[in-house]
Amino acid sequence: MRPLKQMTTSLYGKFLILFLLGIFTISCEKEELNSTNLETADASVKSMNTVKITSTGMNFDAPDEIPQGWTTFSYKNKTSELHFFILVKIPDDKTLEEYHQEVTVPFNNYLKFLRGEEIEPEEMAIAGWFFTEAYNTGGSGLIDPGKTAVSSVNLEPGNYIIECYVKLPNGDFHSLVGMLDQMTVTNEVSTSKEPKADVSIRIDGNGLNLEDEIKRPGLHTFSVDFAPGSTADVHLVKIENPDNANRELLKNWIYWGNNIGQTNEGLMTPAPEGFSFIGGTQEFFDSENDKRTYFQAVLKPGTYALVSEVPYNIIDEHYIEFTVE
Ligand SMILES: [Cu+2]
């Protein structure tokens with residue numbers, strides 16, 4: 001969920017549609033690789049400083065409190081559906097219930113409105129504080145059922161929401177039906193160190209830039225630098241049959257606001273076939289400073305794409321393929 005300040009600092013925030021309609025004014029340090037056959041870093045991160053998050057259904061099982069500083073999240077998707085998690089830093093006095101009632105429910109109603117349902121304006125009035133006082137601070141990329149996504153972020157003390165907004169086949173956000181949790185980052189300082197990367201990605205006004213060649217299979221740690229104001233994230237996708245794959249299906253599906261009300265609506269499951277989602281990182285938004293996150297993945301020989309959740313009209317600047325030999 002992208003706050004207004006992101007939209008005002010970027011011409012194409014993830015929530016540009018909301019802005020245009022203007023109806024919301026009311027408002028790892030130590031990893032072990034068990035097997036080179038692993039598609040992701042499943043079970044590869046065994047560190048005392050790793051924070052585990054697990055989904056067993058439409059839920060998040062996460063700690064209530066973690067220390068501040070560098071944190072590596074191991075997000076295990078033990079469901080039969082595709083998910084991700086995003087961390088949203090919210091004001092200290094806001095509760096999980098308030099976020100649900102004042103952000104998740106009206107946002108979900110807004111989607112229904114865009115699909116042509118009759119919704120009263122007050123039913124889709126997202127709270128103003130969400131646009132001015134909440135911002136995204138990392139999380140995982142999309143991760144397939146049975147897989148684990150590993151991502152790292154440097155967190156400040158505060159009040160955080162954990163959320164997934166993939167959509168059910170009926171159009172409802174996963175966050176509406178339980179994929180919403182709250183976590184406090186305390187003043188205690190994590191002993192974790194910043195990860196070391198072997199692949200660098202940068203996201204800026206030119207899009208998604210891959211700054212290193214990736215050729216060898218095995219475990220890789222990706223750093224992702226976000227230029228000030230950047231709202232694009234990174235998802236790592238394996239293209240199972242590169243000669244036949246329909247990339248257009250993926251490029252249309254990857255953004256929540258694409259094709260609303262149509263059969264190929266963005267982020268609505270099932271995802272297009274032929275693509276395996278194996279992690280990545282959500283963006284860390286800052287209007288003034290560069291921010292960096294990390295993610296890990298185990299690559300096998302094959303063709304992969306790095307792609308951001310951005311509207312279709314700018315997807316080509318946010319889409320890069322590479323081949324592991
Ligand atoms: Cu989900």
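User: How should I read strand pairing here: how many bridges join strand β11 (residues 234-239) to strand β14 (residues 302-307), and do these strands run parallel or antiparallel?

Analyst: The general idea is that strands of a sheet pair through backbone hydrogen bonds, either parallel or antiparallel. In this structure, β11 and β14 run antiparallel and are joined by 5 bridges, with V237 standing opposite A305 of β14. Strands here are DSSP runs of E with at least two residues, helices are runs of H or I with at least four, and both are numbered from the N terminus; two strands pair if DSSP finds at least two bridges between them. This is a predicted model, in which local features need pLDDT of at least 70 and side-chain atom pairs count only at pLDDT 80 or more, while totals for chains, interfaces and linings use all residues. Residues are numbered from 1 along each chain as its sequence is written.

User: In what order do the 4 strands of the open sheet lie, and which are the edge strands?

Analyst: The order is β12-β11-β14-β15, with antiparallel pairing; β12 (275-281) and β15 are the edge strands, each pairing on one side only. From one strand to the next the twist averages 25 degrees, the axes being lines fitted to C-alpha atoms (for helices, over the stretch in contact) and the angles running from 0 to 180 degrees between N-to-C directions. On the β12 side, β11 pairs with β12 over 5 bridges, and K238 has S276 as its bridge partner. On the β15 side, 6 bridges join β14 to β15 (residues 319-324), where Y319 is the bridge partner of V307.

User: Which residues touch the most other members of the largest nonpolar core?

Analyst: A nonpolar core is a set of buried Ala, Val, Leu, Ile, Met, Phe, Trp, Tyr and Cys residues joined through C-beta atoms within 7 Å. Here the largest has 75 residues, among which F85, I162, I201 and V237 touch the most other members. Beyond four places in sequence, the contacts of I201 include F222, V224, V234 and L306.

User: How far apart are F226 and D290, in sequence and in space?

Analyst: F226, which is found in strand β10 (residues 218-226), is 64 residues from D290 in sequence but 5.6 Å from D290 in space, C-alpha to C-alpha. F226 is buried because it has 26 C-beta neighbours inside 10 Å.

User: Where is the pLDDT below 50?

Analyst: The pLDDT is the predictor's confidence in each residue, from 0 to 100, and the protein chain averages 89, with 85% of the residues scoring at least 70. Over residues 3-13 the pLDDT is below 50, although this stretch has 26 contacts in the model beyond near neighbours in sequence; residues 16-40 are also below 50, with 54 such contacts. Where pLDDT is low, the predicted coordinates should not be read in detail.

How values were computed. Two residues are in contact if their C-beta atoms, placed from the backbone, lie within 7 Å. A residue is buried if 20 or more other C-beta atoms lie within 10 Å of its own, exposed if 12 or fewer, and partly exposed in between; C-beta atoms are placed from the backbone.
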